[in-house]
Amino acid sequence: MKKSHSQLVTLELVDAIGEAFNSNKIDAIMQYFADDATFDHASGPDMYGIRIEGADAIRAAFAGLFDSVESVHWTTLDTGIADNKAYCEYRRVAKLKNGEVQDFHSVDILTFRDGKIAHKDTYYKNRNSE
């Protein structure tokens with residue numbers, strides 16, 4: 001079955017999304033999400049973490065992140081693309097307003113539909129003091 005152009009995922013698209021996240025600007029990020037997108041955050045009470053549904057709710061979740069940090073940066077370690085999915089491996093370092101530094105190894109699985117993110121599934125390993 002031939003894929004339509006709207007289903008193609010490119011490294012340039014994935015890199016542009018990464019740049020948007022590193023800008024720490026919600027509007028820059030949200031232009032890449034479908035209105036009905038789903039974001040499964042790594043931590044939470046359910047098997048999939050916490051599920052956030054719809055662009056408005058995802059926008060609010062990212063606003064909460066950016067409100068709680070002085071800065072956050074994702075360094076791309078590796079990216080793979082297969083059909084309508086991108087597999088993105090990152091090192092995420094955030095400096096919180098209280099001075100704490102979070103340093104994660106994370107993976108996002110991005111599923112695209114018509115050139116927009118329809119599902120963002122995040123996994124990470126978090127260093128702790130134990």
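In this predicted model, the largest pocket has a volume of about 420 Å³. Its lining comprises 22 residues, of which Phe-39, His-41, Leu-65, Trp-74 and Arg-92 are the closest to the centre. Two or more lining residues come from each of H1, S1, strand S2 (49-53), H3, S4, S5 and strand S6 (116-126). Strand S5 makes the greatest contribution, giving five residues to the lining of this pocket. By residue class, the lining of the largest pocket consists of 13 nonpolar, six polar and three charged residues.

Attention now turns to the core. The largest nonpolar core contains 31 residues, and those with the most contacts inside it are Phe-33, Ile-58, Phe-62, Phe-66 and Phe-112. At least two residues of this core are supplied by each of helix H1 (11-23), helix H2 (26-30), strand S1 (33-46), helix H3 (55-68), strand S3 (69-82), strand S4 (85-96) and strand S5 (101-113). Apart from residues up to four places away in sequence, Phe-66 touches Phe-21, Asn-24, Ile-26, Ile-29, Val-72 and Trp-74. Among these partners of Phe-66 is Trp-74, which is also listed with the residues closest to the centre of the largest pocket.

Is Thr-111 buried or exposed? Its relative accessible area is 13%; because buried means under 20%, Thr-111 counts as buried. When neighbours within four places in sequence are left aside, the contacts of Thr-111 are Asn-84, Lys-85, Lys-116, Ile-117, Ala-118 and His-119.

Definitions and conventions
Residues are numbered from 1 along each chain as its sequence is written. This is a predicted model: local features need pLDDT of at least 70, side-chain atom pairs count only at pLDDT 80 or more; totals for chains, interfaces and linings use all residues. Side-chain values use heavy atoms; hydrogens and water are left out. A nonpolar core is a set of buried Ala, Val, Leu, Ile, Met, Phe, Trp, Tyr and Cys residues joined through side-chain atoms within 4.5 Å. Buried means under 20% relative accessible area, exposed over 50%, partly exposed in between (1.4 Å probe, protein chains only). Helices (H or I, at least four residues) and strands (E, at least two) are DSSP runs, numbered from the N terminus. Contact means heavy atoms within 4.5 Å. On a 1 Å grid over the protein atoms alone, a cavity is a set of points where a 1.4 Å probe fits but cannot get out, and a pocket is an open set with protein on both sides within 12 Å along at least five of seven lines; lining residues have an atom within 4 Å of a point. Grid points are joined across faces, edges and corners, and a volume is the space filled by probe spheres set on the points. Ala, Val, Leu, Ile, Met, Phe, Trp, Tyr, Cys and Pro count as nonpolar, Asp, Glu, Lys and Arg as charged, and the others, Gly among them, as polar.
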